[in-house]
Amino acid sequence: MAPRGFPYQDLQSFLTALEAAGELRRVTVPVDPTLEVSEVVTRTVRAGGPALLFERPTRGSMPLAINLFGTEKRMAMALGVENLDEVGDRIGGMIKPELPVGWSGIREGIGKVLQLKSLPPRKVKTAPCQEVVLKGDEVDLGLLPGLQIWPGDGGIFHNFGLTHTKHPETGKRNLGLYRLQQHSKNTLGMHWQIHKDSTAHHAVAERLGQRLPVAIAIGCDPVVSYSASAPLPSDIDEYLFAGFLRGERVEMVDCVTVPLQVPAEAQIILEGYLEPGERLPEGPFGDHTGFYTPVEPFPVLHIECMTMRKKPIYHSIITSKPPQEDHGLGKATERIFRPLLKMMIPDIVDYDLPSAGVFHNCAIVSIRKRYPKHAQKVMNAIWGAHSMAFTKLIVIVDEDCNVHDYNEVAFRALGNVDYSRDLLLTEGPVDHLDHASYQQFWGGKAGIDATRKLPSEGYSRGWPEEMAMSPEVISLVEKRWKEYGI
């Protein structure tokens with residue numbers, strides 16, 4: 001069911017809920033946002049610890065909230081559900097093609113229509129995010145407790161700034177999540193990658209010789225924050241998606257100095273523009289891949305206006321090799337988009353994106369195998385499915401394999417494969433941050449067919465039966481277990 005009356009109006013209400021559930025700890029002593037915060041958070045994440053609110057960071061003038069999404073439990077709380085699969089089930093229920101049957105079906109259909117009507121954002125005239133307005137020389141990014149996460153980083157970065165742009169010709173809005181390097185008190189480096197929609201907006205503006213207006217929101221409610229990271233097709237508005245997840249509209253307000261709208265309940269808004277043709281070196285940066293990304297030229301945001309709440313809370317995230325806080329975000333995406341992937345590729349039973357593969361490097365997929373080379377057909381379909389195109393390794397297993405049990409998957413992938421026949425090699429696009437590809441932006445990919453092989457695939461030996469204990473003996477041992485004294 002849709003989470004009507006969504007419980008988190010803003011970041012503050014989410015933090016209150018986390019604290020009430022024992023999922024938040026306040027750090028009351030001074031902590032340095034240069035490296036010290038990073039080490040504290042990394043240790044906390046790897047111990048399965050709570051979200052953190054640093055009340056006295058030694059840089060900036062406001063508290064710092066971090067590790068909000070570091071576990072699947074907190075990610076489910078963020079989306080207002082008990083289990084992340086609930087959101088995917090809602091989506092699956094709405095895309096089923098069958099017609100309503102009887103009155104109950106008609107009522108359900110009407111309910112879905114009413115639910116959809118609540119999705120578009122609602123414009124408001126006043127907003128908490130504009131309680132304080134700083135313009136011109138008053139703008140100072142030093143008010144924010146931006147982070148230097150790793151010793152080799154190129155400076156201070158803001159890692160959870162939700163970036164708003166519009167296509168200069170169509171007016172189509174885009175919301176993205178990109179790292180932002182602080183160049184000065186009023187300029188930021190925009191690390192939006194080659195495959196991102198904001199990059200396309202900027203390219204059009206440069207072709208037209210126009211400035212591109214940009215607005216960055218920091219500290220939004222958890223659903224809006226997640227929606228900025230979701231791999232949505234370019235024709236789906238992130239705020240429509242956020243409205244779907246919330247079960248109610250997101251309130252938006254006009255910016256003070258640029259023709260964009262931002263979430264009314266955000267903590268901080270940065271408004272500015274990009275000059276056509278202007279680039280500055282950005283990086284290096286210790287990214288979620290576990291390696292430093294190199295210095296590259298990226299556009300520069302000139303901030304003309306900075307608005308905020310009277311008592312704002314700054315929100316950020318730590319990047320490092322897994323495990324790290326993005327585990328919760330990645331698993332939410334895996335579960336939420338499962339029905340959509342299955343709609344595009346009906347052969348799929350389930351899939352898993354291991355966090356150790358930073359989610360886009362590997363996909364484990366189970367199928368109900370029906371014909372020769374079925375696994376290879378699914379591999380190619382996955383590489384053609386929107387952002388799944390960046391997947392470098394696909395492992396296909398039979399439907400009786402639990403794709404989330406990595407020991408079981410390894411047993412199949414290591415034992416069920418003749419690599420001279422069951423390995424598919426190809427080339428295609430890879431993530432902008434991929435350091436292993438010999439050329440930037442594209443490289444080699446592999447698909448492993450770890451399914452049982454069919455005679456029609458050339459396997460003539462007769463696939464052996466996998467060992468399994470009889471149900472009678474399993475039941476007997478379960479009943480007598482205490483007798484054994486083990």
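# Close-up views

**Arg 412 has its place in helix α12.** This is a predicted model, in which local features need pLDDT of at least 70 and side-chain atom pairs count only at pLDDT 80 or more, whereas totals for chains, interfaces and linings use all residues. Residues are numbered from 1 along each chain as its sequence is written, and side-chain values use heavy atoms, with hydrogens and water left out. Helices (H or I, at least four residues) and strands (E, at least two) are DSSP runs, numbered from the N terminus. Arg 412 has a relative accessibility of 3% and therefore counts as buried, a term that stands for under 20% relative accessible area, with exposed meaning over 50% and partly exposed in between (1.4 Å probe, protein chains only). Not counting residues up to four places away in sequence, Arg 412 touches Val 397, Asp 398, Asp 400, Cys 401, Val 417, Ala 450, Arg 452 and Glu 466, where contact means heavy atoms within 4.5 Å.

**Five strands form an open sheet in the order β19-β20-β21-β23-β22, with mixed pairing.** The edges are held by β19 (348-352) and β22 (423-429), and because each has a single partner strand, one side of each is left without a neighbour in the sheet. From one strand to the next, the twist averages 20°; axes are lines fitted to C-alpha atoms, for helices over the stretch in contact, and angles run from 0 to 180 degrees between N-to-C directions. Strand β22 runs antiparallel to β23 (residues 442-449), to which seven bridges join it, and Leu 424 has Gly 447 of β23 as its bridge partner; two strands pair if DSSP finds at least two bridges between them. Helix α12 (residues 406-415) lies across β19, β20 (362-367) and β21 (393-398), and runs at about 90° to β21.

**Strand β21 is largely enclosed by the rest of the structure, because five of its six residues are buried.** With β20, strand β21 pairs in the parallel sense over six bridges, and Cys 362 has Leu 393 of β21 as its bridge partner.

**Seven of the ten residues of helix α11 are buried, so the helix is largely enclosed by the rest of the structure.** The buried residues of α11 are His 374, Ala 375, Gln 376, Val 378, Met 379, Ile 382 and Trp 383. Their cover includes β19, β20, β21, β22 and β23.

**A further open sheet has four strands in the order β1-β2-β3-β18, with mixed pairing.** Strands β1 (24-27) and β18 (314-315) stand at its edges, each with a single partner strand, so that one side of each is left without a neighbour in the sheet. Helix α1 (residues 11-20) packs on this sheet, touching β1, β2 (51-54), β3 and β18, and its direction makes about 105° with that of β1. Two bridges link β3 (residues 64-66) and β18 in the parallel sense, with Tyr 314 of β18 as the bridge partner of Leu 64.

**Tyr 226 is among the residues with the most contacts inside the largest nonpolar core, which has 76 residues.** Such a core is a set of buried Ala, Val, Leu, Ile, Met, Phe, Trp, Tyr and Cys residues joined through side-chain atoms within 4.5 Å. Leaving aside its neighbours within four places in sequence, Tyr 226 is in contact with Met 75, Leu 79, Phe 241, Leu 245, Leu 329, Ala 332, Thr 333, Ile 336 and Phe 337. Apart from this core lies another, of 37 residues, among them Leu 147, Ile 149, Ile 268 and Met 308.

**Asp 153 lies in the loop between β5 (132-135) and β6 (157-166).** With a relative accessibility of 8%, Asp 153 counts as buried. Asp 153 and Gly 286 are 133 residues apart in sequence, yet their C-alpha atoms are 6.2 Å apart in space, and the side chain of Asp 153 reaches the backbone nitrogen of Gly 286 at 2.8 Å. Beyond its neighbours within four places in sequence, Asp 153 is in contact with Gln 148, Pro 284, Phe 285, Gly 286 and Tyr 292.

Definitions and conventions. Polar contact = N/O pair within 3.5 Å; in protein donor to acceptor, adjacent residues only side chain to side chain.
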